[in-house]
Amino acid sequence: MTPEALTILFDDVLACACSALDEMSVCGCPCRIFVAAGPPVWDNCCPDGQLTVHLERLYVAGNFPGSTGQSIVCSAPLAVDFNVTLLRCHPTVDDNGNPPLPQVLDNAANDIHTDLYIMVNALICCLARTAKRQPFTIRNASIIGPNGGCVAAQVQLSVQLSDPTI
């Protein structure tokens, strides 16, 4: 395995999620797509949103997806926990302090729920192609927020790393 294994995995996951959002989401894939050094900052969700991947944890996998508590040798199997986060605009109070209409909130909720569903299914399909040499599990898929005019759809995954050249 090479250090590029994470870069290749994260780039593939972003491309997969973006392609599915472009094909099936009302809002499409955001223009702002990147691998983040940590949880994404929620300062650029409008107008187009943002799609990110960030590392949560890199660990020695004794019996994937579990980590090992045993002594480690030089070629220990590694696994990674990471998050795919889609930020979108969410209705908020207007300039006069009026809350958004219920129908507007309902539409926004339907859109972000649909985006989460699209991302989960896309990631299952994309990662299933490598599951024999690179087992994976989706740990959680949830909505975060809304907060400050933004809402997020987040998918948490664990993947056992393997040599991408094999």
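Trainee: How many bridges join strand β4 to β6?

Mentor: This is a predicted model, in which local features need pLDDT of at least 70 and side-chain atom pairs count only at pLDDT 80 or more, while totals for chains, interfaces and linings use all residues. Residues are numbered from 1 along each chain as its sequence is written, and side-chain values use heavy atoms, leaving out hydrogens and water. Strands are DSSP runs of E with at least two residues, helices are runs of H or I with at least four, and both are numbered from the N terminus. Strand β4 covers residues 78–89 and runs antiparallel to β6, and the number of bridges joining them is eleven.

Trainee: Which residue of β6 is the bridge partner of F82?

Mentor: Two strands are said to pair if DSSP finds at least two bridges between them. Individual bridges can be followed residue by residue: A79, for example, has Q160 of β6 as its bridge partner. For F82, the partner in β6 is L157.

Trainee: Over how many bridges do β5 and β6 pair?

Mentor: Strand β5 spans residues 136–147 and is antiparallel to β6. One of the bridges links F136 to V159 in β6. The number of bridges over which β5 and β6 pair is nine.

Trainee: Which residue takes a positive phi in the hairpin of β5 and β6?

Mentor: The hairpin of β5 and β6 has two residues between its strands. The phi in question is near 60°, and the residue that takes it is G148.

Trainee: Is strand β6 largely enclosed or open?

Mentor: A residue is buried under 20% relative accessible area, exposed over 50% and partly exposed in between, using a 1.4 Å probe and protein chains only. β4 is mostly covered, with ten of its twelve residues buried. In β6 (residues 150–160), ten of the eleven residues are buried, so the rest of the structure leaves this strand largely enclosed.

Trainee: In which order do the elements of the chain run from the N terminus on?

Mentor: The chain contains two helices and six strands. Buried residues account for 40% of its 166 residues. From the N terminus on, the order of the elements is α-β-β-β-β-α-β-β.

Trainee: How far apart are the end C-alpha atoms of helix α1?

Mentor: The expected span of a helix is 1.5 Å times one less than its number of residues. Helix α1 (residues 4–24) has 21 residues, which should span 30 Å. The separation of its end C-alpha atoms agrees with this: 30 Å.

Trainee: Is α1 oblique or perpendicular to α2?

Mentor: Axes are lines fitted to C-alpha atoms, for helices over the stretch in contact, and angles run from 0 to 180 degrees between N-to-C directions. The axes of α1 and helix α2 (residues 102–128) come within 9 Å and cross at roughly 130°. That makes the relation of α1 to α2 oblique. Angles under 35 degrees count as roughly parallel, over 145 as roughly antiparallel and 65 to 115 as roughly perpendicular, and the rest are oblique.

Trainee: Which residues are in contact with A17, leaving aside neighbours within four places in sequence?

Mentor: A17 lies in helix α1 and is buried, with a relative accessible area of 0%. Its C-alpha atom is separated by 8.9 Å from that of C126, which is 109 residues away along the chain. Contact means heavy atoms within 4.5 Å. With the sequence neighbours left aside, the residues in contact with A17 are L51 and M119.

Trainee: What is the relative accessible area of H54?

Mentor: H54 has its place in strand β2 (residues 50–63). Not counting residues up to four places away in sequence, H54 touches several residues, among them F82, N83, T85 and Q154. H54 is buried, with a relative accessible area of 5%.

Trainee: Which residue does a cis peptide bond join to C46?

Mentor: Another cis peptide bond runs from G145 to P146, with omega near 10°, and P146 is found in strand β5. The bond from C46 has an omega of about 0°.
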